[in-house]
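Student: Hi, could you walk me through this one? I'd like to begin with the backbone and then move to the side chains.

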Amino acid sequence: MIQIQNVSFDRAGKNILDVTELTLEAKQTIALIGPNGAGKSTLLSLMARLLPLQTGQIRYDYLDISSTSSRVMARKVGILQQHSHFMSRLTVQDLLLYARYPYHKGRPTADDHKVVEQMLAYFELLTFRTTFLDELSGGQRQMALVAMVFCQGTDYILLDEPLNNLDMYHARHLMTTLRRAIVDWNKTIVVVLHDINYASLYADQIVALKQGRIVFKGPPDQVLTPDSIKALYGVEVDIIEHQGKRLSLHF
Amino acid sequence: MRPFSYWLLALLSLLMLALVSLLVGAYAISLEDIFRQPDMANVMMSSRIPRTLAVLIVGSILGIVGCLSQSVMNNVFAEPTTLGTPQGIALGLLLTSVFLPEVGLVGTMLLGAGMGLLSLLVFFALLQKLTLSDPLQLPLIGLVYSAIWGAGVTFLAFEFDRMQMLAVWLNGDFATIIQGRYELLWGAFIIGLIVYWMANQFSMLGMGEALAKTLGVPYRALVVVALMMIALATSLVVATVGMISFLGLVIPNIVRQYCGDNLKHSLPWCAWMGASSLLLCDVIGRLLTHPLEVPANLVFAVFAGTVFLVMLWRGDRRAF
Ligand SMILES: Nc1ncnc2c1ncn2[C@@H]1O[C@H](COP(=O)(O)OP(=O)(O)OP(=O)(O)O)[C@@H](O)[C@H]1O
Ligand SMILES: [Mg+2]
């Protein structure tokens with residue numbers, strides 16, 4: 001369970017995030033949606049301690065992030081950032097092995113190699129294992145970065161727009177993989193999505209953010225209505241039902 | 001088995017080059033001479049062998065240090081020369097030799113390393129404040145930064161009449177290396193081994209602070225250790241033979257093309273390529289204007305400058 005209380009964040013004298021109360025159940029996929037600049041990445045960064053908390057508290061299973069050591073946090077929460085730039089001439093398997101750092105501290109064991117093999121297979125990356133990251137396509141690279149977060153073996157996984165650069169097949173493959181991971185490994189996944197329909201089809205809960213505030217929260221089949229989407233994005237849409245799931249038509 | 005045969009080839013070629021380096025000099029020595037003429041064996045022991053070892057150690061440690069700098073600064077153009085480290089070290093060496101001459105060679109070298117570390121820490125802190133839109137901005141900032149340290153040290157050298165020493169520190173030359181004048185470099189050799197031993201940890205620095213921290217990497221502590229290694233090794237080189245500019249820039253960037261950014265894989269190759277290319281440059285320097293010598297730093301600069309220009313020409317900001 002993730003508990004967020006009274007978290008407010010100012011940047012350059014402007015308030016960009018203000019969440020008084022948000023509780024997210026464990027072992028679910030939670031989709032975070034909202035227009036550009038709503039504060040989604042800011043919230044995720046605060047949750048992963050990439051940004052320091054200015055006020056309030058964030059807890060994972062009663063583990064308070066402001067009083068927990070990085071070593072413990074590194075085994076609890078993993079994050080895929082929206083933009084990451086690092087020395088990227090690493091092979092995919094080296095990258096995944098790096099994500100095992102919280103366990104091997106720089107001296108990988110047979111166990112770590114086993115997890116890497118498992119994830120390479122799980123994310124269909126076996127053919128790219130020795131390819132350098134900067135020689136992959138945008139989508140392949142994105143897949144490798146997501147696999148990296150899973151390699152970290154944390155209960156909680158935060159993904160900021162993982163569908164960036166992914167084609168139809170890979171976007172669906174990733175979303176189904178996320179769902180499988182929840183069943184297989186009891187993960188809790190918070191994922192920022194821009195496509196309402198992916199949120200509707202694959203998420204257990206939707207949290208909508210606008211101008212730093214939570215506008216609505218709930219299961220997709222309750223909260224996705226033409227009115228709520230109009231309120232969130234200012235766009236008129238039709239909502240249709242298809243195999244018991246709500247889909248929005250917004251073209 | 002393939003990597004193994006690559007290494008065999010690499011070591012063989014280095015051995016051949018070392019042999020050539022032993023036989024070439026102000027007067028040529030043939031293999032027979034060493035065994036027949038005692039004074040030739042003497043020249044071997046007191047001058048040729050120390051010189052060849054010095055080149056090998058300096059070439060490999062500068063390759064390693066350059067590669068490490070690039071991971072720490074998260075920038076492919078980082079290396080001691082583009083970070084102003086030799087100037088910082090020279091200032092430390094100069095101040096020590098003027099005000100604390102009694103500390104001896106090791107003490108002088110350590111104080112030089114201290115000043116080098118200070119200049120690295122300031123540069124690192126400066127880099128955290130800036131958002132570079134292009135990696136190439138780093139050497140430009142470094143140019144300005146080293147000019148500041150350079151101006152300080154030049155002024156002092158002028159005041160205390162040490163211009164000669166300054167020139168020696170900043171222009172690597174192996175002509176003066178004889179037995180008893182290079183042994184400090186074994187310290188650099190040991191630093192190279194330590195860096196390799198910690199390669200997996202140092203590789204994490206290339207992930208950048210944010211990502212490294214989410215993985216529980218003690219980022220700040222590792223940065224300081226890495227900068228200490230860089231400062232110490234560079235100081236040892238500057239104090240004994242003088243700086244070889246841009247070796248740490250060019251060699252790791254060629255190696256990266258094949259081995260990538262995983263230091264465990266790339267460091268040994270950086271060491272090998274640094275050693276063999278510097279040895280080649282040193283031999284060429286001895287043959288070019290025989291019996292006079294061109295300093296290895298100059299010969300290497302021609303090579304490095306050309307490679308650097310090609311890098312820029314290709315316009316590939318990942319370098320190569
Ligand atoms: N470094 C920064 N300095 C100042 N303001 C910032 C900075 N980063 C983000 N902001 C502002 O904070 C607000 C929230 O940004 P954030 O990146 O969290 O939005 P987002 O919901 O992730 O948007 P997107 O969907 O475009 O990724 C925006 O208004 C943005 O302009
Ligand atoms: Mg964002």
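Tutor: Happy to! One term first: helices (H or I, at least four residues) and strands (E, at least two) are DSSP runs, numbered from the N terminus. This is a predicted model, in which local features need pLDDT of at least 70, side-chain atom pairs count only at pLDDT 80 or more, and totals for chains, interfaces and linings use all residues. Residues are numbered from 1 along each chain as its sequence is written, chains are lettered from A and ligands numbered from 1 in the order in which they are written, and side-chain values use heavy atoms, leaving out hydrogens and water.

Student: OK, where does A:Tyr62 sit?

Tutor: A:Tyr62 is in the loop between strand S4 (57-60) and S5 of chain A. Its phi is near 70 degrees, a positive value in a residue other than glycine.

Student: And why does A:Tyr62 count as exposed?

Tutor: Because its relative accessibility is 65%. The cut-offs are under 20% relative accessible area for buried, over 50% for exposed and in between for partly exposed, using a 1.4 Å probe and protein chains only.

Student: What about phi of A:Gln243?

Tutor: A:Gln243 is not glycine either, and its phi is positive, near 50 degrees. The residue belongs to the loop between strands S11 (238-242) and S12 (245-249) of chain A, and it is exposed, with a relative accessible area of 73%.

Student: Which peptide bond is cis?

Tutor: The one from B:His290 to B:Pro291, with omega near 5 degrees. B:Pro291 lies in the loop between H14 and helix H15 (296-314) of chain B.

Student: Switching to the ligand. Which residues are closest to ligand 1?

Tutor: Among the 13 residues around ligand 1, the closest are A:Gly37, A:Gly39, A:Lys40, A:Ser41 and A:Thr42. A residue belongs to that shell if one of its heavy atoms lies within 4 Å. Helix H1 (residues 40-47) of chain A gives the largest share, three residues.

Student: What polar side-chain atoms reach ligand 1?

Tutor: A:Arg11 has one at 3.1 Å from a nitrogen atom of ligand 1, and A:Asn36 has one 3.0 Å from an oxygen atom. A side-chain N or O atom of A:Lys40 is 2.8 Å from an oxygen atom of ligand 1. Polar contacts here are N or O pairs within 3.5 Å; within protein, one atom must be able to donate a hydrogen and the other to accept it, and residues adjacent in sequence count only if both atoms are side-chain atoms.

Student: Is B:Trp272 buried or partly exposed?

Tutor: Partly exposed, at 21% relative accessible area.
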